[in-house]
Amino acid sequence: MLGSTVINHRQHVGLQELSALAGVTHSFLGPDKTYKFIQDDASGESALVRSCFRLFENLELTCAVGQLVHETIQAHQRVYGTGSGCLLFLAGAWSRAAVECLQRGISVPHVVAAMSEAIEVCEDVCRICSISIEGLGATQSEEGGAATPHGSGLQLSKKSVPRASRASCHKTLNISGQRKIKLSRHFYEAEAKTQPDQPEPPNITYLADALSHGCVDAMNLAVEANRLQSKDNQDVGCSTFDVTKVLTCVVPGLPEERSCVLPGCVVLLSVEQASVALRLREQPVNVALINGDLSHDFRHLGFKRPAGIQQVSDRSALLGSSPEEEWLVKVVALLLNLELNLILVSGLASEKVIQRCCGHRILVVEKAKASVLKAFADATGGVPVTYATQLTKHCVGTGAKVATWRELHESATAVNISARGNGGLVTVVLTSCVRGKLQALEDQFWACAHRLHRALKDRAVLPGAGATEMLCVRRLQKRAGHRSETSGAPTEAEGAVNPYRGEVFRLMADGLIDYVSTVMFNTGRFSKVKARTALRQQLQECNGHVGTAAKFSQVFSEGENEDGAFVSEAKPAGAPSMKVYDNLSVKQEAWRKALDLVLLVLQTDAEVVTGVEQKTAAEENLMLL
Amino acid sequence: MVNEVTCVAIASRICFALVMSRHVKKSPSLCTDRPLDNADICNKLSLLRQLLASCFGPTGRLKQVHNSIGGCVVTTSTSSVLLPAISSAQPFVNLIKSSILNHVSRFSDCGLFAATLCLALVERAKQSGLGGNVAIGLNKHLLGLCVSYLQREDCGCKVKLDFGSSQHLVTLARSIISSKPACVLTEQETLHISKLASQAFLLTLPCANPGTVTLGRTVTASVEGHSVLASAVFPGLLLDVTGALCPHKAESLNSSPMCVVLFSASLAGDLPELGDGIVEVPSGVDTDSQILDQLLELGKQAVKDEVKLFVCQKVIHPVIQQYLRSQGIIVIERLGVTLMEPLIQLTGAQPVATLHSTLPAKAYGKVRDLSIRQFGSKTMLHLHPPGESAICTMVLCHRNETMLSELKVVCQKTENVLRLTLREPSALLGGGCTETHLAAYVRHKSMNEVTETAAVLGCSQSEYLLGVEGFCHSLESVAKALEHNGGNSFIDLTHAHHWTLRADVMSGCMEDMTGLCGCGLVEGSPSRKWTCLNSKYTEFSPASPSRDSPVQPRVLDSFTAKLNALQVAVETANLALDVRYIIQDVN
């Protein structure tokens with residue numbers, strides 16, 4: 001008999017599970033990541049992973065918290081493509097903070113209220129210290145390479161501190177209007193006011209360097225992809241980057257330096273198909289776009305196959321050809337009639353169709369992404385159809401091109417398919433001699449591409465290398481009041497509302513310190529203890545200055561210097577110190593999601609498991625309803 | 001040939017079944033005598049009570065619902081989500097579960113209240129040692145007292161709703177929305193959603209139409225990954241057309257009013273349901289293309305009749321879609337059954353259920369205007385009604401799926417509760433105040449009529465007092481269930497409202513109790529007297545708070561839902577107390 005079971009969580013098991021899950025991903029933080037092997041004892045299979053979302057993809061988690069974490073990470077990865085490690089780390093760190101709160105006797109609603117307030121403080125800090133990408137890095141050359149810690153953004157803000165009026169608080173940073181960032185009185189974008197119509201194009205190289213987070217090669221590919229795409233779209237400043245139109249093609253067996261970016265769509269084809277491609281090169285070809293499978297028995301989604309149909313015939317069925325053969329003849333005749341030479345199929349094509357088409361010099365390319373179909377539809381005037389039999393003159397796209405890019409080995413050739421202008425379609429070819437590394441290389445590239453895409457979309461970035469986190473720590477600690485951690489009496493007037501705010505804020509801040517120190521630890525230049533001591537020392541030094549709002553920017557710039565120090569220490573000796581930036585929206589969203597996870601788990605006191613058999617329930621000590 | 005094979009297969013299966021039935025002996029039915037004396041059943045009921053009571057109220061704890069083989073996890077504290085997940089081998093648990101679910105399906109709100117009260121009543125009745133019949137009779141009598149008091153004009157825990165301002169509506173909505181912490185909303189977000197819910201409710205009321213009034217409805221669309229504050233309400237209907245090929249040109253959308261056709265039949269091009277019958281088709285006949293030709297005829301007629309919007313509840317054959325689009329028609333497929341009714345109401349179209357006749361003129365509907373709206377990754381087609389219409393769409397946004405799904409449930413619940421106010425424009429004081437007030441009233445009322453009522457009910461006076469105590473204690477335990485953090489519950493000795501003190505405030509210093517009672521109507525003052533909720537107090541007649549006081553309650557509960565929940569709880573408890581045997585067929 002199946003029943004529902006209730007697991008009571010009196011020991012905050014959920015929070016501990018969350019913290020334990022997060023612990024697995026410590027080594028994926030920061031620019032210096034390490035690989036992890038996942039091995040399946042049962043099947044003997046193993047996977048090599050280097051990022052948080054790949055790790056969870058390869059783990060089979062049956063516990064409820066594990067599922068919740070997996071869903072959250074997937075959702076984040078789907079939209080932002082980067083930052084899931086940060087998300088999970090903070091979820092773990094803040095769940096430890098929540099456990100600590102509960103152990104100190106702070107009630108759940110108080111923890112929830114204070115933590116929600118703390119995340120608002122952090123988001124406010126992000127808004128304040130976000131730097132517009134316009135004109136970023138422009139001053140670099142003037143100052144002879146000795147980059148100021150904060151680029152031009154801070155220079156401006158410093159100058160304008162005394163002039164800024166209250167009204168400027170609500171001015172938006174970017175008048176061109178992509179994203180509205182509320183300005184604090186400390187950061188006043190003078191340039192935006194003088195030239196509202198012509199936003200200065202961002203310095204992509206500088207920006208990309210600062211966002212590469214150690215993946216220099218992958219970021220270079222992303223920059224190149226952006227450049228090619230912008231050239232296609234006649235966007236001189238490279239001011240947008242459409243990652244949906246970027247494709248990757250992984251090629252094993254070539255050294256990593258051979259990775260490159262090509263306009264159009266590069267696919268790996270079999271020898272037979274490659275020979276067709278070879279014959280089609282250098283001439284404009286007609287293209288058909290099929291949204292579905294190219295096979296005889298494919299039917300559109302939602303089509304129900306009739307069950308009770310019986311074919312009645314007076315002649316023997318053997319005399320005629322099979323329906324598949326009939327279909328094949330009809331389709332090929334239609335394709336020839338329309339003078340088609342290239343067919344892009346979003347699904348799969350049957351082996352017979354591919355072979356038959358090869359014989360007629362028609363190239364069939366399977367598994368084309370939706371964005372590829374769309375780009376080809378836009379560039380060639382073709383109309384995507386579901387069935388090949390739907391094709392008419394009107395649906396055929398013209399002016400597509402096929403070119404052999406490189407013969408890789410006996411069984412595969414990389415062929416480049418393109419159309420006039422390509423509609424911004426570019427392919428990044430990723431190569432490696434080590435097959436097991438390809439996945440990680442691909443992930444790295446996508447992370448970089450998404451970081452660049454987000455920065456251009458947000459039109460703003462955050463100071464990286466832990467600087468934003470440390471500013472949040474300082475702000476949280478300041479709001480918590482300077483008291484020893486043991487004293488409980490609130491001193492501030494606002495403290496009366498939630499007497500535990502200070503304690504919770506300080507624990508949240510500790511979580512952020514934990515994050516930065518783990519990143520420092522991963523560089524291999526700090527021990528955990530040394531990293532923490534260094535961070536605490538800096539905070540203490542700064543606390544001497546904090547107190548008045550007017551001094552904030554001064555402290556801020558000091559914070560920048562010290563954060564610059566992390567980076568330079570993390571770099572090999574002698575290397576010039578380089579600026580590091582983080583994505584604004586990615587960080588804010590990752591923090592929010594991390595806290596959402598903690599709050600959901602924190603407020604959960606029981607699991608209801610359905611479909612449990614009585615036997616297992618008794619074994620696992622579950623309560624059966 | 002085929003037929004023979006099938007027959008053989010079926011015949012062999014039948015033989016197998018016969019063999020099986022001959023070999024397996026039927027087990028005798030299981031009979032449980034006096035189920036409430038059974039420790040296992042009592043433990044299960046107590047577990048169910050803990051499980052549901054711990055969800056109760058704005059600081060209630062959440063439950064993660066999932067199945068044993070992984071799969072998605074639902075985090076919730078809502079009875080309508082939680083209860084269906086609970087399946088038990090114990091008929092007693094299922095009895096209570098189905099009774100509560102039935103209440104929730106009709107009234108949406110107060111499911112946890114009903115469940116907690118019902119289980120508390122059963123537990124108390126068992127503890128008190130009263131005979132089943134006595135307890136049942138007493139509960140019935142006391143329920144009658146409560147119901148008639150709640151329906152009285154001068155009931156002290158009832159508030160007449162003022163439709164002149166939105167304040168009461170928003171408060172009512174807010175009380176429901178804030179009672180579900182799995183939505184993870186800030187104060188500001190709660191208020192925003194409460195206002196939207198009230199606005200949506202007002203939009204579904206038809207204006208100035210004499211005669212029969214038909215209420216409209218609110219359609220909910222959800223968008224994941226957006227801030228809650230981006231949620232909004234629109235008059236008319238928003239259909240998700242993300243990914244569908246939609247006209248980019250705005251001018252093609254503005255030839256008002258536009259003709260709409262709506263199909264409830266599938267246009268996928270497959271054969272309609274054949275049932276068990278078999279269709280014999282001569283070889284060489286392509287059924288698919290024949291059906292397609294018929295569909296194309298329909299399409300051609302739609303073009304001829306100048307249809308501009310072509311909607312199908314199910315799938316439309318890609319060829320038809322291509323044809324219609326090439327004629328400048330906007331095509332929407334896979335609308336889903338839930339959106340059919342609102343779309344019919346909005347456009348006045350009659351859904352076409354067959355493909356075998358020409359489209360009748362009266363099947364066509366109208367829309368005034370179309371526009372495209374973008375919410376995050378979702379593209380929505382906004383249909384404006386041709387005339388006065390009470391259809392509106394609520395777009396709910398939240399950061400993640402878990403919280404969004406709870407928010408959706410809560411908003412639908414709020415909509416239903418607000419509608420109930422049209423039936424009975426009253427609300428009950430929330431925050432546990434109604435429960436404590438009712439308990440005090442029942443104590444007072446029944447003390448004054450001990451002798452006569454005991455005689456009528458055929459029980460001794462001590463039994464009567466025991467029953468009253470059990471009933472009132474159960475009511476008060478529901479109020480106490482609102483507190484989950486070890487705080488203490490109190491009752492004031494004038495109005496009998498519910499008060500709580502945090503666990504970390506020294507207990508016993510009730511005099512320091514400042515602030516407000518649970519519903520926010522009564523303010524603490526040094527002259528007030530309190531007592532612990534589980535302590536004995538001399539009965540008194542609870543006073544109604546002054547009617548002309550400018551103070552408005554901050555927490556309100558649905559009158560209709562709570563009244564029904566009270567009845568369901570007592571009647572279900574009585575039914576449970578009345579069960580003498582459980583007979584289970586275990587085969």
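Modeller: Start with the bounds: they come from an automatic or database domain assignment. Here chain A is divided into domain 1 (1-134 + 477-483 + 501-555 + 580-606) and domain 2 (248-298 + 324-458). Their centres, taken over C-alpha atoms, are 41 Å apart. This is a predicted model: local features need pLDDT of at least 70, side-chain atom pairs count only at pLDDT 80 or more, and totals for chains, interfaces and linings use all residues. Residues are numbered from 1 along each chain as its sequence is written, chains are lettered from A and ligands numbered from 1 in the order in which they are written, and side-chain values use heavy atoms, with hydrogens and water left out.

Colleague: How many residues of domain 1 of chain A are in contact with domain 2 of chain A?

Modeller: Contact means heavy atoms within 4.5 Å. By that rule, 15 residues of domain 1 of chain A touch 13 residues of domain 2 of chain A.

Colleague: What area is buried between domain 1 of chain A and domain 2 of chain A?

Modeller: Buried area is the accessible area (1.4 Å probe) that two parts lose on being put together, summed over both. Here the value is about 1200 Å², and carbon and sulfur atoms give 48% of that. In domain 1 of chain A, A:R54, A:I133 and A:N583 lose the most area to domain 2 of chain A, together 34% of what that side buries.

Colleague: Which residue forms a salt bridge with A:D443?

Modeller: A salt bridge is a side-chain nitrogen of Lys or Arg within 4 Å of a carboxyl oxygen of Asp or Glu. The rule finds 1 across this interface. A:R54 is the partner of A:D443, with the closest N and O atoms 2.6 Å apart.
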